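The stops below are meant to be selected one after another.

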Amino acid sequence: MLKGVTILYNSFWWAMTLALICFSNEWLQMRINTGWIFFGSWLLLVLLLTRFMTRRLYLISGQFAFFNAVGCFALSIFVIGWQRLSIVPASLIREGLHQTTLPFSVINQVLSIWLVVGGGLIAVSNFRSRSTE
């Protein structure tokens with residue numbers, strides 16, 4: 001189960017970063033629902049990682065989940081800026097789900113819980129795997 005959380009967590013970060021990069025391109029943003037880019041790339045990454053991830057790659061991806069998250073966060077700040085980072089990810093998810101009446105604060109709370117709980121589960125999993133070796 002924790003392998004699935006690691007795959008979902010890491011692919012979430014990269015899919016969101018890709019969607020934010022696409023969102024920063026005005027031409028692309030006006031023609032394509034960038035929320036679809038997020039959910040589509042998240043699904044594609046999950047399928048690819050599930051198919052091709054070996055035991056060794058799984059351990060490495062769990063150990064680097066924190067650095068993965070920090071790197072994607074830094075890239076996102078560079079691409080869209082600090083001030084827009086509190087609105088744009090929630091906007092992408094809202095657009096992708098076609099729920100434009102859903103408040104940004106609710107989506108941001110769910111995102112925060114997901115990122116903290118997912119990171120915590122991966123950290124606990126890594127701690128347990130190190131202690132059993």
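This is a predicted model: local features need pLDDT of at least 70, side-chain atom pairs count only at pLDDT 80 or more; totals for chains, interfaces and linings use all residues.

Residues are numbered from 1 along each chain as its sequence is written, and side-chain values use heavy atoms, with hydrogens and water left out.

**The whole chain**

Colour by secondary structure: the protein has seven helices and zero strands, where helices (H or I, at least four residues) and strands (E, at least two) are DSSP runs, numbered from the N terminus. Of the 133 residues, 38% are buried; buried means under 20% relative accessible area, exposed over 50%, and partly exposed in between, with a 1.4 Å probe and protein chains only. If contacts (heavy atoms within 4.5 Å) are drawn between residues at least 6 apart in sequence, 73% of them join residues at least 24 apart.

**Helix α5**

Select residues 65-80, which form helix α5, with 16 residues and a reach of 22 Å from the first C-alpha to the last, close to the 22 Å expected at 1.5 Å a residue; that expected span is 1.5 Å times one less than the number of residues. Show Ala65, Asn68, Ala69, Cys72, Ser76 and Ile80, which are buried. Looking down the axis of α5, you will find these buried residues within an arc of 95°, so they line one face of the helix; the arc is that of the directions from the helix axis to the C-beta atoms. Phe66, Phe67 and Phe78, on the other side of α5, are exposed.

**The largest pocket**

Next, display the largest pocket, whose volume is about 330 Å³. On a 1 Å grid over the protein atoms alone, a pocket is an open set of points where a 1.4 Å probe fits, with protein on both sides within 12 Å along at least five of seven lines, and lining residues have an atom within 4 Å of a point. The volume is the space filled by probe spheres set on the points, which are joined across faces, edges and corners. Among the 16 lining residues, Trp13, Phe73, Leu85, Pro89 and Leu115 are the closest to the centre of the largest pocket. Two or more lining residues come from each of α1 (2-24), α5 and α7 (104-132), and α1 gives the most, with five.

Leaving out residues up to four places away in sequence, Ala19 touches Thr34, Ile37, Phe38 and Leu92. A C-alpha to C-alpha line from Ala19 to Ser76 spans 9.7 Å, although the two are 57 residues apart in sequence.

**His98**

Where does His98 lie? Select the loop between α6 (88-97) and α7 to find His98, which counts as exposed at 51% relative accessibility. The phi of His98 is near 60°, a positive value in a residue other than glycine. Most residues other than glycine have a negative phi.
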